[in-house]
Amino acid sequence: MVAGVRWCGKSPLLEHFGRRLLKSRVNPDQIIKINLGDPENLNLSDNGESYRYILPYVVTPCKYYLFLD
């Protein structure tokens, strides 16, 4: 978990983590990114809605990386 005040660099840090995962040969399909600041994703603050949103991305039994920004 990365926490901090607004505009302190959390989003670039998450992007950096994503790039490092890709460099370490993690399949891009295993990285799920959700921007909760996007008006289209406002409903995803509800646990049930976020679960229903994420479930279709989880298609194989492997490790997934979920980035909530």
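Across the chain the mean is 94, with 100% of residues at 70 or more.

A word on ground rules. This is a predicted model, where local features need pLDDT of at least 70 and side-chain atom pairs count only at pLDDT 80 or more, while totals for chains, interfaces and linings use all residues. Residues are numbered from 1 along each chain as its sequence is written, and side-chain values use heavy atoms, leaving out hydrogens and water.

Now the fold. There are two helices and two strands, in the order α-β-α-β along the sequence. These are DSSP runs numbered from the N terminus: helices are H or I with at least four residues, strands E with at least two. The C-alpha atoms fill a box of roughly 30 × 30 × 20 Å along the principal axes.

What about individual residues? Arg 19 sits in helix H1 and is partly exposed, at 47% relative accessible area. Asp 29, in the loop between H1 and strand S1 (31-34), is exposed at 59%. Here buried means under 20% relative accessible area, exposed over 50%, and partly exposed in between, using a 1.4 Å probe and protein chains only. Of the 69 residues, 20% count as buried.

Note on methods. pLDDT = per-residue confidence, 0-100.
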